[in-house]
Amino acid sequence: MLHPCHRTVAEAIDAALRASDVRQKVMAARAAARDWRLGRLDFTFDKPMPDHPGRPQHPNLLAPRHMPRRGKAQSLRGRIALFHALAHIEFVAIDLALDIAGRFGAEMGREFVTEFLSVAADEAMHFVLLDRHLRTLGSHYGALPAHDGLWETAFRTRHDVAARLAVVPMVLEARGLDVTPPMLERVRAAGDTRGGAILERILDDEIRHVRFGAKHFFALCQRRNDDAENLWKSLVNCHFRGAINPPFNDSARQAAGLSRRFYAEVAS
Ligand SMILES: [Fe+2]
Ligand SMILES: [Fe+2]
């Protein structure tokens with residue numbers, strides 16, 4: 001399918017954010033990343049980003065407390081529920097990466113846009129891999145309900161790039177680094193080698209995503225003459241409603257540029 005020709009990076013990002021059809025969003029996100037990389041889009045931010053991106057009719061979005069329990073990863077049903085939940089996280093992650101690039105790109109510069117559009121393309125790939133895997137398990141994205149809490153954190157931090165970086169890549173995505181290895185073990189123990197390989201690939205990419213977030217947060221603090229550690233803690237307290245709990249994947253966090261000293265203190 002041909003995609004419409006966008007002139008500015010904001011137009012291309014806006015189109016991908018607004019796409020509500022699953023395939024269309026994946027293709028539009030990839031097109032925005034590719035066209036930017038190939039120099040086909042102007043570094044111009046002439047469109048405000050939508051506060052609520054397009055969502056498909058399915059899955060039904062429920063408040064996290066209304067989500068059914070997932071069950072054991074060993075059972076097929078439990079595994080389908082797990083991969084469905086992960087597919088939803090990746091689907092929303094496409095929008096999280098697009099939004100940070102489109103909303104804060106003008107103030108943060110070209111490298112920021114390049115890196116977060118590459119994240120958007122990664123998230124689209126992660127989503128496709130998980131949806132494909134769900135299909136081999138006899139299901140698909142949209143077959144189960146999903147929780148609608150993820151976008152909220154982005155929405156609450158739409159006015160401040162420091163707050164967005166502090167809670168999205170440096171808390172939510174960093175959390176992914178902690179929970180993926182034990183998940184990977186359980187999926188492999190259930191004999192799902194292909195599912196395990198997908199989770200391993202995702203984990204590798206997510207280290208890079210957290211690293212981009214941390215790098216830009218630290219650089220921003222330096223420019224604003226802010227103490228990174230104090231600012232991060234106060235932004236997390238202010239904008240993140242969940243808890244930051246151990247166990248931490250210290251080596252992955254270290255590889256992403258987050259030192260233990262940085263997050264251990266806010267752990268509850
Ligand atoms: Fe991802
Ligand atoms: Fe990510």
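Biologist: Are Phe-248 and Tyr-263 buried or exposed?
Modeller: In this predicted model, both Phe-248 and Tyr-263 are buried.

Biologist: Why is the pair of Phe-248 and Tyr-263 called edge-to-face?
Modeller: The ring centres are 4.6 Å apart, and a pair needs centres within 6.5 Å. The planes stand at 65 degrees, and over 60 counts as edge-to-face, so the name applies to Phe-248 and Tyr-263.

Biologist: What does the pair of Phe-248 and Tyr-263 tie together?
Modeller: Phe-248 is in the loop between helix H8 (228-239) and helix H9 (250-255), and Tyr-263 is in helix H10 (residues 260-264), so the pair ties together parts 15 residues apart in sequence.

Biologist: What makes Arg-253 a charge over the ring of Tyr-263?
Modeller: The charged end of Arg-253 sits over that ring, 4.3 Å from its centre; the distance limit is within 6 Å.

Biologist: How many aromatic pairs does a search of the whole structure find?
Modeller: The search finds eight. Among them is Phe-127 with Tyr-141, an edge-to-face pair with 5.0 Å centre to centre and 85 degrees between the planes. Phe-127 lies in helix H4 (residues 110-136) and Tyr-141 in the loop between H4 and strand E2 (146-147), so this pair joins parts that are 14 residues apart in sequence.

Biologist: Why is Phe-127 called buried?
Modeller: Its relative accessible area is 2%, and buried means under 20%. Tyr-141, with a relative accessible area of 7%, is buried as well.

Biologist: Which residues do ring pairs link into a cluster?
Modeller: Trp-36, Phe-43 and Phe-45.

Conventions: Residues numbered from 1 in each chain as written. Chains lettered and ligands numbered in written order. Predicted model: local features only at pLDDT ≥ 70, side-chain atom pairs only at ≥ 80, totals over all residues. Heavy atoms only, no water. Phe/Tyr/Trp six-rings, centres within 6.5 Å; stacked < 30°, edge-to-face > 60°. Helix = DSSP H or I, 4+ residues; strand = E, 2+ residues; numbered from the N terminus. Buried < 20%, exposed > 50% of the residue type's maximum accessible area, 1.4 Å probe, protein only. Lys NZ or Arg CZ within 6 Å of the ring centre and 35° of its normal.
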